[in-house]
Structure formats: structure tokens, C-alpha cells
Amino acid sequence: MPTIEFENVSKIYDEDTVALDDVSFTIDEGEFVILLGPSGAGKSTMLRVLNGLTQPTEGSVRIGGKELQGNRSEVGMVFQEHYLIESKTAFGNALSGALSRNGLVRSALGLHADADKMTALEALQTVGLLDEAGQRAESMSGGQKQRVGIARALVQNPEIVLADEPVASLDPKAARDVMRYLKKAATEQDLTTITSLHQVNIAREFGDRFLGIRDGEVIFDGDADDLTMDEMDRIYYGETKSGETIPTGAASGEVGETDAEADAATDGGGRA
Ligand SMILES: Nc1ncnc2c1ncn2[C@@H]1O[C@H](COP(=O)(O)OP(=O)(O)OP(=O)(O)O)[C@@H](O)[C@H]1O
């Protein structure tokens, strides 16, 4: 399993949009990392750079010591929108994760190797959906669909799984279920996993390590114990122009609210 290295990575979308600003960090194999940060902080850009979907403007990204070039098949992606084929079964959708190995034509013709079919069933078992393998996606709940999305990523046989706000559209219970299965898969298969999340409570429950991103910079890197209220404020609200940390707690609500809720609290006044 590879180590992920970001070295002085910047991504500038246009002259004044610096999405990543000289970011450096290393993630060891098997780590379950959660990206936190306000909207527009650069979390998705970081995941897209890692997946080879976006090229960094400067710096280098290495996976297992190799410079990242183009789309990487060892990187499985789970999206906020699950992008399942609604008319297909959970099994059919999971199996489509083998596309990158088998090619479009073989997959379109349904010419899947028995080994791939077995992998798809195993992946569905990992996410607790083996009994629903024959159920069409259109009749599944949002949480179940997202778990099929994870199974599809697992069928790709990845070494790294990236999940971009995988539970954003789910209620708290379904969100926890999805995260539980994602963590289970990561633990069982020793996957390096990076997930961006807005739900801080859920993040704290499942993350081993947290990267706090703000204005394209990693301003926090630590575990749940390090992720204090002060640090949450720094990640979500930043510092004053004079460099002072904004006073903690004033109208920010508790650690555990989503940043949207925290923003709402701020909008309500109290944080100067
Ligand atoms: N394709 C693009 N073209 C131009 N600017 C972009 C593009 N994608 C993202 N940006 C900008 O880059 C910055 C970082 O965006 P990014 O989507 O990475 O943040 P994020 O932390 O994932 O936000 P969110 O939590 O809202 O998804 C933002 O200012 C955003 O507007």
C-alpha cells in the first residue's frame, strides 16, 4: 500500500483563485484521514488532484514514491452524488467498478470474469448489502445507494479510496451507517482513505487523523484529541487581520455542528 506525498502543491484555477496554496503533507498507508474546512477551502481540489482529475499548477504529488500522472486506477473514488445506474441492480452497479480493468466493450457486453463477479459480491457483503444484491438502485434508500457506491469503488481493487462529501445528502443515521461501512472496508482491506466531511460530529467519530484546510492551506494536522474547539474555530473562522485568533466559542455553537449550522450561528450575530 502506498504512501501519499504532497510536496509544495499549489492549484490556481485562474489568476485570483488559489484553491491550494503550497500544501505539503504525507499520509501513511492505511490511514483514515478526514478533510475538514469551510466551503471553498480546497478540499475537493485536493481530492481531485490526488485522483489525477486536476493537475496541480505547482509542486508534486507522489503515490508510493511515483509521481502522479493522469487518472490512477489504484485510486477509488466515492462521490457525494453516487452516480449509480438506477435501473441496474446493486450487483450490476458494484460490478461496473471493474470497468477500468475490463474495458468498456467487454463491460457493455456483460462479459465479466467470474472473479470480478465474486469481488462484486464480496464488496456488497463488506457494505452490508449482500442480501440486496438483486435489488435495483432506484428502489434503494440514499444511504444504501451510497454504500453501493463504496462497493463499486472497492471492486476497482483500489489501494486508496477518496470520498468527497459522501454523506452530505444523508440524514445523520444513514450518514453514520455509510461512514461505518467505509471505515470497515478501509480497515479490512488496509486501504488508505481520505474523506472530506462537513459533519464534524461524524468526522470525530470515525477519523484517525484530520487535516483542517482553510484558504487552500493545511492549517491543522492532528487526531481527535488535538481537534479542540479552538482548532475548530481556527479552521472554520480563521484569524483576524491582525493575526489574532478569533475568540473561541462566541456564538459558534458546539463542536459537532456542521459548518453550515455554525455559519448560521455566526450570521445570527455574536462573533465579531
Ligand atoms: N473548476 C474550477 N474552476 C475555477 N475555480 C474553481 C474550480 N473548482 C473549484 N474552484 C474554486 O477553488 C476554490 C476551492 O474549491 P473546492 O471545491 O476545492 O473547495 P471545497 O473545500 O471542496 O468546498 P466545498 O466544501 O464547498 O465543496 C473555491 O474558491 C472554488 O470556487
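Visitor: Which residues does Ala94 touch?
Guide: Leaving out residues up to four places away in sequence, Ala94 touches Ala120, Ala123, Leu124, Val148, Ala151, Arg152 and Val155. A contact means C-beta atoms, placed from the backbone, within 7 Å. This is a predicted model, where local features need pLDDT of at least 70, side-chain atom pairs count only at pLDDT 80 or more, and totals for chains, interfaces and linings use all residues. Residues are numbered from 1 along each chain as its sequence is written.

Visitor: How many residues are in the largest nonpolar core, and which have the most contacts inside it?
Guide: That core has 69 residues. Ala94, Leu124, Ala151 and Leu162 have the most contacts inside it. (A core joins buried Ala, Val, Leu, Ile, Met, Phe, Trp, Tyr and Cys through C-beta atoms within 7 Å; buried means 20 or more other C-beta atoms within 10 Å.)

Visitor: Switching to H7, which residues are buried there?
Guide: In H7, those are Ala175, Asp177, Val178, Met179, Leu182, Ala185 and Ala186.

Visitor: And what covers them?
Guide: The cover of H7's buried residues includes strands E3 (32-36), E7 (160-164) and E8 (192-196). Helices H5 (114-126), H6 (142-155) and H8 (200-206) are also part of that cover. Helices (at least four residues) and strands (at least two) are DSSP runs, H or I and E, numbered from the N terminus.

Visitor: What comes just after H7?
Guide: Asp190, with a positive phi of about 55 degrees.

Visitor: New topic: what surrounds the ligand?
Guide: Tyr13, Thr17, Ala19, Gly37, Ser39, Gly40, Ala41, Gly42, Lys43, Ser44 and Thr45 do, by a C-beta cut-off within 6 Å. Strand E2 (17-27) and helix H1 (43-50) each give two or more residues to this shell.

Visitor: Which element gives the most to the shell?
Guide: H1, with three residues.

Conventions
A residue is buried if 20 or more other C-beta atoms lie within 10 Å of its own, exposed if 12 or fewer, and partly exposed in between; C-beta atoms are placed from the backbone. Two residues are in contact if their C-beta atoms, placed from the backbone, lie within 7 Å.
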